[in-house]
Amino acid sequence: MTTVKNIYDFIDGFAPFDTAMSFDNVGILVGNAETETKKVLVSLDVSPEAVSEAKEKNCDLIVSHHPVIFNPLRSLKAEDVVYTLAKSDISVISAHTNLDMARGGVNDCLCDVLGIHGVSEMFLDGCPIGRTGSISKMKTEAFMKLVKERLSANSVRYVKGSDFCEKIAVVCGSGGDGVDAAISAGADTLLTGEAKYNHFLYAAEKKINLIEAGHFATENVVVPVLCKKLSERFPEIEFVISERNKELPLLFSL
């Protein structure tokens with residue numbers, strides 16, 4: 001019998017939950033660790049759509065990147081995702097910043113998809129939350145197009161600090177504050193999922209390319225890799241990738 005805890009322990013072996021950043025909430029967030037599991041949905045988010053999909057596919061566990069519970073719950077109503085999960089006996093394991101930092105985790109998967117080689121860790125706030133590596137030198141516009149295509153991103157925003165891209169720093173998710181770390185690592189380009197206006201201004205001042213490809217797009221790359229890893233370790237369990245967890249169309253132009 002394979003339990004929720006067995007899967008938790010396996011993930012803990014390559015992405016230790018105790019390495020997650022202090023603000024984070026990771027681990028078994030819904031359910032009983034000793035519950036048997038037979039079918040698992042792997043998804044970036046535990047969205048209402050993903051939960052409906054799990055119910056329809058008779059999944060008893062969701063393994064997600066983003067925590068299903070991030071802020072303290074002050075109430076629990078019938079329409080809430082956590083309520084639906086508990087009522088449907090669906091457990092959740094969330095591996096967030098611990099999976100960002102892990103070898104073979106989110107940032108390494110992002111580098112793989114983009115063909116970045118010679119990858120090494122890049123530290124922010126004392127944590128190896130980013131990566132740096134190299135690509136064949138290309139014009140900045142060409143690299144941005146490659147990013148959009150390889151990540152299937154809805155959109156890409158950028159500030160151009162250099163005409164070319166060759167040494168790339170990546171921080172999946174929200175990494176716009178990594179400009180100084182990227183510069184210290186000798187990068188000419190920082191790629192991340194989210195950046196603020198002041199980050200773009202600062203990057204322009206420092207003459208470094210800052211490319212924002214979307215939080216979802218820079219992190220969803222880990223889902224198929226994680227699903228494959230779990231399937232190989234637990235062949236007796238069916239693991240399926242969520243088909244309904246998609247990037248939201250946050251930008252709309254008339």
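Helices (H or I, at least four residues) and strands (E, at least two) are taken here as DSSP runs and are numbered from the N terminus. The structure is a predicted model, in which local features need pLDDT of at least 70 and side-chain atom pairs count only at pLDDT 80 or more, whereas totals for chains, interfaces and linings use all residues. Residues are numbered from 1 along each chain as its sequence is written, and side-chain values use heavy atoms, with hydrogens and water left out.

The loop between S3 and H3 contains Leu-73, and this residue contributes, together with Leu-76 and Tyr-83, to a nonpolar surface patch of about 270 Å². Such patches are made of residues with over 30% relative accessible area and no salt bridge, like charges being joined within 9 Å and nonpolar side chains (Val, Leu, Ile, Met, Phe, Trp, Tyr) within 5 Å; the accessible areas come from the Shrake-Rupley method with a 1.4 Å probe, and for residues only the protein chains shown count as cover. His-66 is also found in the loop between S3 and H3, and with a relative accessible area of 15% His-66 is buried, where buried means under 20% relative accessible area, exposed over 50% and partly exposed in between (1.4 Å probe, protein chains only). The side chain of His-66 is joined to that of Glu-219 by a polar contact of 2.7 Å, a polar contact being a pair of N or O atoms within 3.5 Å, of which, within protein, one must be able to donate a hydrogen and the other to accept it, while residues adjacent in sequence count only if both atoms are side-chain atoms.

Aromatic side chains were examined next. A search of the whole structure finds four aromatic pairs, and in one of them the ring centres of Tyr-8 and Phe-17 are 4.4 Å apart with the planes at 5°, so that this pair is stacked. Rings of Phe, Tyr and Trp (its six-membered ring) are paired if their centres lie within 6.5 Å, and planes under 30 degrees apart count as stacked, over 60 as edge-to-face and the rest as tilted. Phe-17 has a relative accessibility of 7% and counts as buried. An edge-to-face pair is formed by Phe-23 and Phe-70, with 6.3 Å from centre to centre and 70° between the planes. This pair links distant parts of the chain, 47 residues apart, since Phe-23 lies in the loop between helix H1 (4-14) and strand S1 (27-30) and Phe-70 in the loop between strand S3 (61-64) and helix H3 (81-87). Phe-23 is partly exposed at 47% relative accessible area, and Phe-70 is likewise partly exposed, at 39%. Ring pairs also link Phe-10, Phe-14 and Phe-234 into a cluster. Arg-233 lies over the face of Phe-234, at 4.6 Å from the ring centre, and Lys-137 lies over the face of Phe-164, at 4.8 Å from the ring centre; a charge sits over a ring if NZ of Lys or CZ of Arg is within 6 Å of the ring centre and within 35 degrees of the ring normal.

Helix H5 (residues 106-114) is largely enclosed by the rest of the structure, because seven of its nine residues are buried. The buried residues of H5 include Asp-108 and Cys-109, and the helix is followed by Gly-115, whose phi is positive, near 70°. Asp-108 forms a salt bridge with Arg-131, the closest N and O atoms being 2.8 Å apart. As Asp-108 belongs to helix H5 and Arg-131 to strand S6 (residues 127-139), the pair ties together parts that are 23 residues apart in sequence, and both Asp-108 and Arg-131 are buried.

The structure holds eleven salt bridges, each defined as a side-chain nitrogen of Lys or Arg within 4 Å of a carboxyl oxygen of Asp or Glu. Among them, Lys-57 and Glu-53 meet at 2.8 Å, N to O; Lys-57 is partly exposed at 23% relative accessibility, whereas Glu-53 is buried at 1%.

Most residues other than glycine have a negative phi. Asn-58, in the loop between helix H2 (48-56) and S3, has a positive phi of about 60° and is exposed at 62% relative accessibility.
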